[in-house]
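Student: Could you walk me through reading the side-chain features of this model? I would like to begin with the aromatic rings.

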Amino acid sequence: MRGLSGIHRHRHSVFPGGRAGMLAINAAAIAAGLLLWALATSRGVIGLPTPADVVRQAVVQAGNGLLWSDALASLGRVLTGFALGIIIAIPVGFLMGWYRIARAIIEPYVQFFRMIPPLAIIPLAIVTMGIDETPKIFVIFLASFLSSVIATYQGVINVDRTLINAARVLGAGDFTIFRRVVVPASTALSSWSASGSGSDHPGLPSSPPN
C-alpha cells in the first residue's frame with residue numbers, strides 16, 4: 001500500500017498544473033463530449049435529441065413538477081433497496097465471519113448470486129414480482145446486499161487475532177469477544193472494503209476466526 005501511495009503522489013507531482021490542471025482537463029473533456037453530441041444529433045447521425053432539446057425539456061418537466069416527482073421516486077427506490085441490503089447484510093456478514101457453520105450454510109447462495117450480474121436479474125424479477133415497485137427495489141437490494149455482506153465478512157476475518165486471543169486470556173466469552181472486540185475492530189475494515197467488494201471478487205476469503 002505504501003508503494004502504491006508513493007506512485008500515486010509521484011504521478012500527481014509530475015502532472016502539469018496539479019489539481020487545477022486536472023479539473024481543467026475534466027471540464028474540457030465534458031465540453032468535448034457535449035460538442036460531439038450536438039454535432040452528431042444536428043447532422044442526424046444518431047437518433048437522439050440535441051443537448052439544447054434535453055435542456056428545454058428538463059425546464060418544462062421541472063416547471064410542471066414531473067421531473068421532481070420522478071426524481072424522488074427513483075431516489076426512494078434506491079435508498080430503500082440500499083438500506084434493506086445494508087441492514088440484512090451486516091448481521092449475515094458477521095455470522096459468516098465468526099461461525100464456520102454459518103458460512104457453510106450461507107456461502108453457496110452468496111456465491112451463486114454473485115456470479116449473476118444484477119441487470120440479468122431484472123427479467124426474472126419482473127416475471128416473478130410484476131412491474132410495480134417490488135422488482136425495482138429487489139434488484140437494488142440484491143446488489144447492495146452482496147457487496148455489503150462480503151465487505152462485512154472480510155472485516156470480521158481480518159480482525160487481528162492478537163486482540164481475540166488477549167480477550168480470551170482475560171476470560172472473555174465468545175459473545176463478549178464478538179461484541180467488544182470483533183464488531184468495533186471490523187467496522188473500519190468493512191467500510192474500507194465495501195467500495196471494492198462487488199462482483200469482481202473471485203471468491204470469499206477463507207479462515208474465519210472460529
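Tutor: Rings of Phe, Tyr and Trp (its six-membered ring) pair if their centres lie within 6.5 Å; planes under 30 degrees apart are stacked, over 60 edge-to-face, and the rest tilted. By this rule there are three aromatic pairs. The model is predicted: local features need pLDDT of at least 70, side-chain atom pairs count only at pLDDT 80 or more, and totals for chains, interfaces and linings use all residues. Residues are numbered from 1 along each chain as its sequence is written, and side-chain values use heavy atoms, with hydrogens and water left out.

Student: What is the geometry between phenylalanine 112 and phenylalanine 113?

Tutor: Phenylalanine 112 and phenylalanine 113 pair edge-to-face, at 5.2 Å centre to centre with 80° between the planes. For accessibility, buried means under 20% relative accessible area, exposed over 50%, and partly exposed in between (1.4 Å probe, protein chains only). Phenylalanine 112 is exposed because its relative accessibility is 51%, while phenylalanine 113, with 30%, is partly exposed. Elsewhere, Phe138, Phe141 and Phe145 form one aromatic cluster.

Student: Which residues have the most contacts inside the largest nonpolar core?

Tutor: A nonpolar core is a set of buried Ala, Val, Leu, Ile, Met, Phe, Trp, Tyr and Cys residues joined through side-chain atoms within 4.5 Å. The largest one has 15 residues, and those with the most contacts inside it are Val92, Met96, Val110, Ile121, Phe145, Leu146 and Val149. Helices α4 (66–98), α6 (118–129) and α7 (133–157) each supply at least two residues of this core; helices here are DSSP runs (H or I, at least four residues), numbered from the N terminus. The largest share, nine residues, comes from α7. A second, separate core of nine residues includes Phe94, Ala167, Ile177 and Val181.

Student: How many salt bridges does the structure hold?

Tutor: A salt bridge is a side-chain nitrogen of Lys or Arg within 4 Å of a carboxyl oxygen of Asp or Glu. The structure holds four. One of them joins aspartate 53 and arginine 56, at 2.1 Å from N to O. Glutamate 107 bridges to arginine 103, with the closest N and O atoms 3.0 Å apart.

Student: Are glutamate 107 and arginine 103 buried or exposed?

Tutor: Glutamate 107 is buried because its relative accessibility is 18%, and arginine 103 is buried at 13%. The two are four residues apart in helix α5, so about one helical turn separates them. Another bridge, between glutamate 133 and lysine 136, spans 3.7 Å from N to O. Arg77, Glu133 and Lys136 are linked in a network of salt bridges.
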